[in-house]
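Please look at the sequence and the model, then read the sections below.

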Amino acid sequence: MNLTQQQSDFVYAVTAQDRNIALIARAGTGKTSTILAAVDALRETSPQLTITVCAYNKAIEVEISAKLKANGHTDWKTTAAQTAHAMGWGLVRFAFRSPDIDKFKVRNIVDAAIKNDKSDAQLRSVLSQYATQVTELVSKAKLAGIGFFDDAPIGSVDVWAQLAEHYDINGLDETDALDLVIRAAQWVYKQSLQQTNVVDFDDMILFPLVKNLRVKFTRDVIFVDEAQDISRARQALVRKFLSPGGQLHIVGDDRQAIYGFSGADANALENMIEQLDAVVLPLTMTWRCPKAVVALAQRIVPDLEAAPDAIAGEVRDVELAAINDIKFVPGNALLCRNTAPLVAAAYGLIRRGIAAKVEGRDIGIGLAKLARRWKVELIEQLLPKLEDYRVGEMQKAAAKGSEAKAQEVSDRVDTLIEICTACQKAGKHGVEDVVAFIADLFGDDIDPKACVTLATYHRSKGREWDHVFLIEHALRCPSKAARQDWQRHQEQNLAYVAITRAKQSLTFIG
């Protein structure tokens, strides 16, 4: 490939310097191609090296693996792409003789303790009242590597309290109640560590660390893709796979860090650069976005620059009421900060005979579960149940100081009500009609050429479309639930991610 000066600088640094490198790659700047060019150069100059590209998720791993093979790197023992979970699972599977994988492991431990009459009465009471908070807190603790890092011992109440505050998991002002929840979470955490015949996905990262599992085949060079979104524990696991004296090169965009709510280290790039004493190099020229979109994105990320031959492109605003006048075609993308407006937009498109799908099969599964929660048969029976549920859950979240949770509940209810309304307009009145509608509307691996794709800003990351439409952007981004500094900063990042999905035009609707 023809490399830019910035790309060439990175490839040269990787091959010629005995240093860890950090590549700060802005949106659409060709970071994957740059990584692959560096791998090609290393294979040519140092064929004896073992190289791994650590991909953020399975889909990216598959994509990079295919490109590595297409470039002639067919021996997985010397050159491979893997996720951190796959790397950890390989160690866990061998050490504990292929344990079962159960994503509900922690919740099952909680439920079993609640039902066990021989358990401590106070523990059962706390777990019964705060099962959801304890389960989430334990998951975040695994991602934070509690019990592995010297500054994060399992028995430290302060460490757990800081974790709960950072993620708004509990938000209780009453110290005694928070202490009870923390003690319960510590107990569940220890039970989970002892249970090695069953693992969840967090354990695939944590167990190799806390159990000190030996890595038999280390790697001379590791590239970490999407480094801005990895947790502290995942960072430690990757370093465990690095050969003594090996190089760890991190690639990411600090302004695309948007998964802090799910356990990613909100300052992952900065922290890793400091820990690795890495040389920092930029990749700022976007090959994706037209000049008009770049100019808008520069209000958030000033160093982003358009390619010399980039088209002018277009950024425009239309009123929400005019959405039905827009001629959407397959290949377009409608994005929103929240899910509910996407459902309304999707149904509007379907009514007009335009094929549309909403990204996120797991979102659909959660909505179907909520629709069946009360075992009623008709939509007219479900709707008042949903409103009661909204009020109760939002009041409970507000009492615990968790505005983020309240916003999440409200969005889920709004989304399901939109679906119920769509079903009724189509002459369908059963709850199972709602479930069927959900199954048909939500999906993964959507073919963008076959329909209009609708996705939340989070779901759109890593994607691109010629024509992108943002629904109610100013109203919903930043989220009203973003109260802490790191949350507000990630809301800015979300806006940057959404804006830079566009290859030709960007339209704000409403």
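## The open sheet

Seven strands form an open sheet with parallel pairing, in the order β11-β17-β16-β12-β15-β13-β14. Strands are DSSP runs of E with at least two residues, and helices are runs of H or I with at least four, numbered from the N terminus; two strands pair if DSSP finds at least two bridges between them. The edge strands, each pairing on one side only, are β11 (314-318) and β14 (442-443).

Strand β13 (residues 356-359) runs parallel to β14 and is joined to β14 by two bridges. E359 has G443 in β14 as its bridge partner.

The model is predicted: local features need pLDDT of at least 70 and side-chain atom pairs count only at pLDDT 80 or more, while totals for chains, interfaces and linings use all residues. Residues are numbered from 1 along each chain as its sequence is written, and side-chain values use heavy atoms, without hydrogens and water.

## The second largest pocket

The second largest pocket is lined by 31 residues. Nearest its centre lie W76, Q82, G90, F217 and F241. A pocket is an open set of points on a 1 Å grid over the protein atoms alone, where a 1.4 Å probe fits, with protein on both sides within 12 Å along at least five of seven lines; lining residues have an atom within 4 Å of a point.

Helix α4 (84-95) gives the most to this lining, with eight residues. The elements α3 (58-70) and β3 (79-83) each supply at least two.
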